[in-house]
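Good morning, colleagues. Please look at the model on the screen before we discuss its strands.

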Amino acid sequence: MSICTYARSVTFTLPLAFTACAGQPGSDSEPDSVGSSTADTLDSTGTGEPTGTGDSTGTGEPACVEDDLMPMPFAGPGYDPANGGLQEPLQDKYVASTTFLVLRPETAQEFLATVEPMIPVLMANQGLVGFSTATSAKCGTARTLTVWRDQMAMMDFVASDEHVAGMTRATEFSTTGTVTSWEVTRAELPLAWETAMARASAATPSY
């Protein structure tokens, strides 16, 4: 798969958590629902107490286990798994960033429309090494993992009009979100999703 084809596929991968949940019982629940079924969100006594699905725990971790997480392969302008992995110029250190969102299924189409214009901007950034996305239909969550040559390249994307347009509507698309970044060494690449998830869990949720 070419990098361009891979980038286009991300547009359709991120909303998978929305569409899968929207088809489950309970998808027409209150706005803070992430699309869990009634059986999942009620305890065994039927009292209506949540059993661990739905909103975030407030610690950066999802409130349910993402055992169906579907990550895309890590790839990008600076990382080609079919051509030896990391591409020149090689560096000793890079900057990694990950985001975690608990999604609102009722805003799926708007979320898709907001994400789509970000992809060309992301791929055109000369400082992007590579990225991956992952979604959980069970938990209604979406995650991103990006690696950059430096902080400036990352902030150029963060400050782009397309990304800002998405950030300003984040609470419309998700009930909670976490973003964090840290320095990584060349030997750590490609980063394991377990590493990114642990970083997100240790970070303070943004909202």
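How many bridges join strand 5 to strand 6? Eight bridges join these two strands, which run antiparallel. Before I continue, a word on the source: this is a predicted model, in which local features need pLDDT of at least 70, side-chain atom pairs count only at pLDDT 80 or more, and totals for chains, interfaces and linings use all residues. Residues are numbered from 1 along each chain as its sequence is written, and side-chain values use heavy atoms, with hydrogens and water left out.

Now the terms. Strands (E, at least two residues) and helices (H or I, at least four) are DSSP runs numbered from the N terminus. Two strands count as paired if DSSP finds at least two bridges between them.

Five strands form an open sheet with antiparallel pairing, in the order 1-5-6-4-7. Strand 1 (70-71) and strand 7 are the edge strands, each pairing on one side only. Strand 1 is joined to strand 5 (residues 128-136) by two bridges, and proline 71 stands opposite alanine 134 of strand 5.

Let us turn to strand 6 (residues 141-148). With strand 5 it forms a hairpin with four residues between them, and glycine 140 in the turn has a positive phi of about 70°. Alanine 142 in strand 6 is the bridge partner of threonine 135, and leucine 101 also stands opposite alanine 142.

Finally, the peptide bond from glutamate 88 to proline 89 is cis, with omega near -5°.
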